[in-house]
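Let's take a walk through this model together, looking at how its side chains pair up. Have a look at the sequence and the fold before reading on.

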Amino acid sequence: MDKDSADAQEQPVLDLASRLTQDHHQSLKLWLRMLSCTVKIENEVRTRLRATFGITLPRFDLMAQLERFPDGLRMGELSKRMMVTGGNITGITDQLEQEKLVARVVDPKDRRSYSVKLTPAGRRAFDEMAKVHEGWITELLQGVAPEEKTQLIDLLSQMKQHLNEHDRDTIDK
């Protein structure tokens with residue numbers, strides 16, 4: 001084995017964020033840390049939703065949006081809020097409608113369009129899932145002290161505000 005091969009074998013394999021050197025931009029390191037944490041939590045929630053309730057995360061997310069709007073939301077609004085295509089929303093809605101968890105309702109203001117809303121069965125199912133989901137999130141974040149959570153929320157709120165301002169500036173250009 002030559003020296004280069006031996007050196008390569010001795011070096012531990014690290015995640016992408018850990019391989020960053022001091023020369024890498026701090027913003028990239030922050031982005032990778034946030035992404036890594038988000039993906040880990042999201043994957044765990046996906047697995048638990050499927051195992052516990054037999055539901056996918058996108059279906060849960062659509063129901064969560066509808067739970068906030070008891071009168072329902074139009075398909076376009078759901079698409080915008082969930083940041084997915086209208087086709088995705090249609091497919092998810094079709095599945096939930098077959099299970100009698102959501103219903104399409106003609107919009108009284110515009111009879112050519114309709115809104116989607118939770119059925120009473122959908123509301124009961126979502127309430128149960130939401131309580132369990134909240135417990136999972138609490139469990140997954142239990143290693144972060146309450147004051148640190150408050151600090152992270154404040155910092156990420158500032159970041160979100162900055163990003164929203166950046167979006168507005170980009171649109172104005």
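How many salt bridges does the count come to? A salt bridge here is a side-chain nitrogen of Lys or Arg within 4 Å of a carboxyl oxygen of Asp or Glu, and by this rule there are seven. Keep in mind that this is a predicted model, where local features need pLDDT of at least 70, side-chain atom pairs count only at pLDDT 80 or more, and totals for chains, interfaces and linings use all residues. Residues are numbered from 1 along each chain as its sequence is written, and side-chain values use heavy atoms, leaving out hydrogens and water.

Let's start with Arg 48. One of its partners is Glu 44, with the closest N and O atoms 2.7 Å apart. Glu 44 and Arg 48 sit four residues apart in helix α2 (residues 26–53), so about one helical turn separates them. (Helices are DSSP runs of H or I with at least four residues, strands are runs of E with at least two, and both are numbered from the N terminus.) Arg 48 also forms a salt bridge with Glu 139, and there the closest N and O atoms are 2.9 Å apart. Because Arg 48 belongs to helix α2 and Glu 139 to helix α6 (residues 120–140), this pair ties together parts that are 91 residues apart in sequence.

How open are these residues? Buried means under 20% relative accessible area, exposed means over 50%, and partly exposed is in between (1.4 Å probe, protein chains only). Arg 48 is buried at 16%, while Glu 44 is partly exposed at 30% and Glu 139 is partly exposed at 38%.

Another salt bridge joins Arg 104 and Glu 97, whose closest N and O atoms are 2.4 Å apart. Arg 104 is partly exposed at 25%, and Glu 97 is partly exposed at 28%. Back at Arg 48, shared partners join Glu 44, Arg 48 and Glu 139 into one network.

Now for the rings. Rings of Phe, Tyr and Trp (its six-membered ring) pair if their centres lie within 6.5 Å; planes under 30 degrees apart are stacked, over 60 edge-to-face, and the rest tilted. The structure has two such aromatic pairs. Phe 53 and Trp 136 have ring centres 6.2 Å apart and planes at 50°, so they are tilted. Phe 53 lies in helix α2 and Trp 136 in helix α6, 83 residues apart. Trp 136 is buried at 9%, whereas Phe 53 is partly exposed at 23%.

Phe 60 and Phe 126 are tilted too, at 5.2 Å centre to centre and 35° between the planes. Since Phe 60 is in helix α3 (residues 57–68) and Phe 126 in helix α6, the pair ties together parts 66 residues apart in sequence. Both Phe 60 and Phe 126 are buried.
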